[in-house]
Amino acid sequence: MSLVSEGVEVRGPLVAGVGEPSLATVGDYIALMKPRVMSLVVFTALVGLAVAPGSLHPVAAFTALLCIAVGAGAAGALNMWYDADVDALMTRTARRPVPMGRVRPGEALAFGLTLGSFAVVVLGLLVNWVASGLLAFTIFFYVVIYTIWLKRSTPQNIVIGGAAGAFPPMIGWAAVTGSLSLEPVLLFLIIFFWTPPHFWALALFRTEDYARARIPVLPVVSGDASTRRQIMRYILILVPLGVAPWAVGYAGALYGTTAIAAGAIMTMLGWQVLREIRPAERASRNLFAFSILYLFLLFAVLLIERGWGGLIARLAA
Amino acid sequence: MSQNPDDDGIVLTEAQKRARRSRSIAIALALAALVVLFYAMTLVKGPGVLIRPI
């Protein structure tokens with residue numbers, strides 16, 4: 001059963017029916033958890049955990065990261081459950097397990113709810129309830145606020161919904177300290193303002209896909225030129241925010257240099273996107289690719305500079 | 001209510017049996033990992049794990 005070939009045009013979650021016994025493999029369930037998104041979530045959470053003051057036993061740190069990873073996987077599975085109809089209409093997502101018919105919607109829903117519940121409860125019981133509460137809120141935000149509410153109703157979907165992807169460093173920090181402060185909020189803001197230019201650069205060269213699925217992303221609703229201007233505006237907010245951890249003394253010279261250099265490249269690529277005219281899409285593709293490297297570089301340098309020494313000291317203690 | 005002796009119910013194909021077996025093994029491994037995790041964290045927390053406010 002493939003919803004792609006059947007040209008399904010229903011809105012909202014597909015209804016699970018009683019059919020053939022499931023052919024879903026372990027690989028299909030892993031795909032439901034969006035492993036590539038999960039790896040970025042784990043990495044940013046690790047940075048939040050490593051730069052936080054105080055100590056956390058390595059086993060507890062591993063437990064926290066495992067719960068955050070599983071929680072992110074749960075959110076991914078619930079997203080695929082609800083979005084199966086639109087996933088079937090888009091080239092990028094049509095081969096996901098639910099639209100392909102390998103996993104039934106009800107199975108994806110049960111899988112997501114089970115994983116999410118386990119992740120939140122285990123994080124609370126074994127680490128602390130502040131981190132657990134933040135993880136629960138992140139899953140709720142991604143599934144209910146972004147996927148069910150905003151994604152199909154406003155072109156600002158990714159701006160507000162992007163907050164869900166920005167929470168993991170705060171969860172990592174809270175796992176160590178049991179509280180929050182300005183530093184994890186800065187990390188949150190960097191990812192929050194990074195998400196729109198990253199996603200809109202992708203949407204610029206996937207506009208037809210989103211239009212076919214009737215998802216109101218910015219290029220579909222406001223047009224190409226407006227999206228390019230918005231990308232530039234967000235980059236101009238993002239770059240100073242990227243430098244901020246160094247400017248306020250949370251990070252050292254290596255981070256500062258990296259953030260300024262990477263920020264200059266982001267600004268240059270954003271400028272190229274602004275000057276690009278459809279059907280050309282090279283600048284958009286370049287910005288999309290570099291934006292991933294930008295976020296990785298900033299967090300990796302922060303991890304090396306602030307976190308790595310702290311982690312080694314904690315392991316040695 | 002009588003049952004038809006020829007009715008064998010749902011008979012799984014070989015592919016379905018393989019898929020079910022792999023899922024069952026994955027669930028077993030996940031549960032075992034959870035047990036190990038709770039055991040390890042109990043050791044990490046030490047006697048403090050028994051001190052709970054009433």
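Two residues are in contact when they have heavy atoms within 4.5 Å. The model is predicted: local features need pLDDT of at least 70 and side-chain atom pairs pLDDT 80 or more, whereas totals for chains, interfaces and linings use all residues. Residues are numbered from 1 along each chain as its sequence is written, chains are lettered from A in the order in which they are written, and side-chain values use heavy atoms, without hydrogens and water.

**The interface**

Select chains A and B together. Here 18 residues of chain A are in contact with 15 residues of chain B. About 1400 Å² is buried between the two chains, 77% of it from carbon and sulfur atoms; buried area is the accessible area (1.4 Å probe) lost on being put together, summed over both parts.

Next, display the side of chain A that touches chain B. The elements giving two or more residues to this side are α2, α4 and α6 of chain A, where helices are DSSP runs (H or I, at least four residues) numbered from the N terminus. The largest share, five residues, comes from α4(A).

**The second largest pocket**

Now move to the second largest pocket, which holds about 1000 Å³ of space. A pocket is an open set of points on a 1 Å grid over the protein atoms alone, where a 1.4 Å probe fits, with protein on both sides within 12 Å along at least five of seven lines; lining residues have an atom within 4 Å of a point. Centre the view on A:Val70, A:Phe111, A:Leu115, B:Ala26 and B:Ala30, the closest to the pocket centre of its 27 lining residues. Then colour α1 (14-45) of chain B and, in chain A, α2 (26-32), α3 (35-51), α4 (58-82) and α6 (105-126), the elements that each give two or more residues to the lining.

Methods. Points joined across faces, edges and corners; volume = space filled by probe spheres on them.
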